[in-house]
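Hello,

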Amino acid sequence: MMFNYNRRPIVAGDLPEHNIPGIRFTDGPRGIVMYNSTCFPVAMARGATWDPELEHQVADAIGVEARVQGANLFAGVCINLLRHPAWGRAQETYGEDPVHLTAMGVAAVEGVQRHVMACVKHFACNSIEDSRFKLDVQIDERTLHELYLPHFKACADAGAASFMSAYNKVNGQWCGHSSDLLTEILKNKWGFAGFVMSDFVFGIRNGVGALAGGQDLEMPFRMHFGRRVLRALKRGRLDHDRVDDAATRLIQTQRRFSTVGEPRRYQPSVVAGQAHRELARNVAADSMVLLQNYEINRTPTLPLDFSRLKSVALLGRLAGAANLGDHGSSRVRPLAVRTFQQGLADRSPDTKLLFYDGRRHRRAARLAARAEAAIVVVGQSHRDEGENLVLWGGDRRELTLSAADERLVKSVAAANPRTIVVLVGGAPIVCESWRDDVAAIVMAWYPGMAGGDALADILAGDRDPGGRLPCVFPRSADDLPFFDRRARSIRYDLYHGYRYQDRNGMQPAWPFGFGLSFADIKLDSIDPEVASDRQSGHLFSFVVRNASERPGTTLAQLFVTYPADGPERPPRELKAFRKLRLDGGETASVTLAIADDDLRYYDPGASRFVRQTGRYAASLVLDGRDLRSHAWTFDVVAGQSNN
């Protein structure tokens, strides 16, 4: 059941007589799994910050804690594309779009590798949990290269030390054995110089086949890379050069990182110390998404003015729980967790906090009726989603809240018009049956060890809710691609998330990139001209203005629509983004760039990316709101790329 998983570094390939320490593995991505490390918000929450610089800070802190505690490899850069929110391990990745995944994944690699090696996972097409040991993902070459591989290539280009192969098959080949993925694409086509390790235990089915396919290291111990491999070498069924290559990659990568580090920072007190706890709090606040904020008496429900509130009801089983997410291989065990109940109690000691776990809905409603505002905390825990550990976790059966949670929300909302729902979970939750009954909704994700204080910061207005959705929140599970958690075979195509909804003319509950601010930030002007040159690409400039007195955040996204006379493509695709923080009254001039190579499609016949010539359109989106569709047009001329 993984109760003691990775409490200490997992060591592989150490040769002390040759001064080779070996791989000293620690898992992630919420933080270091070993001992009692800082638990940051889950990766999906950090994806909601849309802030690669902030993710670099988190990764830097994680790298320091890994180094201090005896690890030299962090296997927590998970960049699997979220195809469907029912995936139980959605919380471990950053979102649904490869451009966004690229920015966040590269930031993580670069931050971690200031101190230790980074392992990027799970290569590739890993996005169903319950059938991961038997699933065969059928995918055409174009979809694979355009949607499911670009972020992996970017991390390889950024110098990632290691890749972890996935459990599933891709087009009939186990990923841990796949010469197409591990050798032809990763090592030969992309020029990856690091090493490939298997996912644990079931990541390899046959040692000879895995080594021949490009696998370099079996984890967490030797099961298949033993006597059968030696016999295969002696009998000529396995190339000696392939084994030498695997060993060389392992040793050279360790040597490459032997001089990396900042020794003065590696003090035991840094682990879950004040600086890292404050960073966790900052990230949690910057990840929380304000989905809804209706006005009551012409005043927005949030933020709450606790100085005027005599009593607030805090309701729900998760309000007082240390709910950090999955209890599988990504579990972090901090010594202390700030729950929502603790954060709110400490934030406003003069406001009476009426706490109840919500088991009896009538009692919860009576308590809510006595209070001036009601906060209901509902959603998921490790029992509902995460790594499949038989008794809990796995893929989600439903995308809605549980029936009990929905009854609690409706009962409280009927008793108190100032009802605020705080959602907890690792992926989109369908809210259609109750969202119009409540005044405000905050998506808090799994916010880490400082999540209680961060939520209090948001509800009180000390911080602007900085999160924007890294994935579509649909109105119904029917508005999503086919998903079968027990599937043995499934086909992936070009459409999922906002691409799927755009193609089918669907209106999501909350779109990709959506999030409200307490400030009034709006588009001030757009420069209608597109500046283009070879070095910078196509430059799109605009001005945003904070028309309010309080500081706030906004997310600018640039989407592209393609010429109609080319191959089939999604109606629009994200190509650039920028997270902005503006003080009250501040104006910011912004320029987003798109290179011609960012607009290519993959031509299977030529086995390369090629440019489509013609006239393109670009549209600006602020916080999920499409302000001026096709505000710019620009031309792309002939050219091609060999990768």
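Six strands make up an open sheet of mixed pairing, in the order 10-17-16-15-13-14. Strands here are DSSP runs of E with at least two residues, helices are runs of H or I with at least four, and both are numbered from the N terminus; two strands pair if DSSP finds at least two bridges between them. At the edges are strand 10 (289–293) and strand 14 (352–356), each of which pairs on one side only. Neighbouring strands of the sheet are turned against each other by 15° on average, direction ignored (axes are lines fitted to C-alpha atoms, for helices over the stretch in contact, and angles between N-to-C directions run from 0 to 180 degrees). Strand 13 (residues 311–315) runs parallel to strand 14 and is joined to it by five bridges. Leucine 314 stands opposite phenylalanine 355 in strand 14.

The model is predicted: local features need pLDDT of at least 70 and side-chain atom pairs count only at pLDDT 80 or more, while totals for chains, interfaces and linings use all residues. Residues are numbered from 1 along each chain as its sequence is written, and side-chain values use heavy atoms, with hydrogens and water left out.

Now the rings. The whole structure holds 22 aromatic pairs (rings of Phe, Tyr and Trp, the last by its six-membered ring, with centres within 6.5 Å; planes under 30 degrees apart are stacked, over 60 edge-to-face, the rest tilted). Tyrosine 498 and phenylalanine 559 form an edge-to-face pair, because their planes are at 90°, with the ring centres 5.5 Å apart. Tyrosine 498 is in helix 15 (residues 497–503) and phenylalanine 559 in strand 22 (residues 552–561), so the pair ties together parts 61 residues apart in sequence. Tyrosine 498 is buried, at 2% relative accessible area, and so is phenylalanine 559, at 1% (buried is under 20%, exposed over 50%, partly exposed in between, with a 1.4 Å probe and protein chains only).

Phenylalanine 540 and tryptophan 632 are also edge-to-face, with centres 5.2 Å apart and planes at 70°. This pair ties strand 21 (residues 537–546) to strand 28 (residues 625–636), its two residues being 92 apart in sequence.

Two arginines sit over rings. Arginine 205 lies over the face of tryptophan 174, 3.9 Å from the ring centre, and the charged end of arginine 569 is over tyrosine 562, 3.6 Å from its ring centre. The criterion is NZ of Lys or CZ of Arg within 6 Å of the ring centre and within 35 degrees of the ring normal.

Regards
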